[in-house]
Amino acid sequence: MKLAKVIPIYKSGDKTECGNYRPISVISAVAKVFEKLVYRQLSEFLDNYQLLSTNQSDFRTHHSTETTLLHSSNQYLVNMDRGLINGVLFLDLKKAFDTVDHKILIAKLKTYGVQGHALQWFTSYLSGRKQVCKINNEISNTANITCGVPQGSNLGPLLFLVYINDLPNCLTSTKASMFADDTNISCCGDSSVEIEQKLNTDLENVHKWLISNKLTLNVEKTEYMIIGSRNRLNNIHSNPEIVIGEQTIERVARKEFLGVIVDEKLNWHEQVDTQCQKMSKNIALLRRAKKYITTDASVTMYNAFVLPHFTYCSTVWQQGNVTHIDKLNKLQKRAARIITSSSYEDRSADIFKTLHWEPIGNIFNRRQQLMTFMALREMTPKYLTELFSTCQNDTYGLRSNNRKLHLSKPKTNFLKKSFSYRGALAWNKFSDKVVEKYQFLSKGSFKRLIQTL
């Protein structure tokens, strides 16, 4: 029950460095079932009493990388519309899951209300654990585990969320956005001097919190970014000096966070180009495989290896940019012609009709409408639901006006790119018939409805 077989999974970087592998614990089937039962009970307890921080988005119902990035990017764009710049510090924790202190974790569980036999069970669960490491059918000697929670288990990730749950409490000038151990803190200000002061203050606070909780910051991989308009960025003549101890944190112009490349101007050019490169490679594989597989198998291959690159977090980085849509549209047409063995003389509309495909621009619109629907139905985290509100001023006393979403008056195009503005604008274009009954629709029913419009 307490023995784990650890299999190292390569992440990135030098393959000869042990630190570039993620240790995944494979536990017995019986232990997994037992953990699942405890997970459900603990998760329900934490949700019912709203004990988990609203800043945490991993391993939680209705939360995802997409909701996390939507909230963050919306916040940045709103600040940019107000003429401010954003400071974002991307924290990198060293072996966060593997260095969780068991005594501190038990103390935090007790603080959140886990008591009696339940607390004794968790104490027993964490104590006396052992592991072996398996590589190429070679198994190491058994080692005792004195700290950490097992990655790959059902219960380990939830216990880690409990462990870092109070991190945002140490912040005074910034806001935290957490996805398990992928954490950033951000602030806004009128000048780089103000950003420097806020980030340094809370970086010191985070450093103290990490020391108290026996976690370590990987300073070499911790970076910060200034996000703002082109004019505001050009007016920053010297980089803010963000330091921890005697080490200086590097400023970057782009950063891959949760699988999406965020750049300092939020124009998403590099994200789209990177996605296009990935799709081009997979479409080339599709072309080679087409000789040996059926059309149905080709469509399955497309859905598995190409389409996810179109849609992953698309509500975040696809903001109606015509150039981006044109690039992606060409790739979609190329894949369609390969699958159907069509020539370039055939109309793409006819090919799409044969495959029952929608143009990529329509797919993006549907996904945005669906995400707005989910926010209004409270199927997303509270931080997205709170972005929308119905119109309060009804000058003409029309019932339909009460169902329209409030649209803030943008000062610049930055607000028009935000999810809160784009979502409200798309929603207000729906007919009264759709808006009147959306509260009675499930996610699947709404998807089917908007496909008929």
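The model is predicted, so local features need pLDDT of at least 70 and side-chain atom pairs count only at pLDDT 80 or more, while totals for chains, interfaces and linings use all residues. Residues are numbered from 1 along each chain as its sequence is written, and side-chain values use heavy atoms, leaving out hydrogens and water.

**The cores**
- The largest nonpolar core has 66 residues, and Phe-373, Trp-427 and Phe-446 have the most contacts inside it.
- A nonpolar core is a set of buried Ala, Val, Leu, Ile, Met, Phe, Trp, Tyr and Cys residues joined through side-chain atoms within 4.5 Å; buried means under 20% relative accessible area (1.4 Å probe, protein chains only).
- Helix α14 gives this core its largest share, nine residues.
- Another core, of 54 residues, lies apart from it and includes Leu-93 and Tyr-163.
- Beyond its neighbours within four places in sequence, Phe-446 is in contact (heavy atoms within 4.5 Å) with Gln-369, Leu-370, Phe-373, Trp-427, Phe-430, Val-434 and Leu-441.

**Helices α14 and α17**
- Helices here are DSSP runs (H or I, at least four residues), numbered from the N terminus.
- The axes of α14 (residues 360-376) and α17 (residues 419-428) come within 9 Å and cross at roughly 95°; axes are lines fitted to C-alpha atoms over the stretch in contact, with angles from 0 to 180 degrees between N-to-C directions.
- That makes the two helices roughly perpendicular, a term for angles of 65 to 115 degrees.
- Among the residues making the contact are Phe-373 and Leu-376 of α14 and Phe-419 and Trp-427 of α17.

Note on methods:
Angles under 35 degrees count as roughly parallel, over 145 as roughly antiparallel, 65 to 115 as roughly perpendicular and the rest as oblique. Buried means under 20% relative accessible area, exposed over 50%, partly exposed in between (1.4 Å probe, protein chains only).
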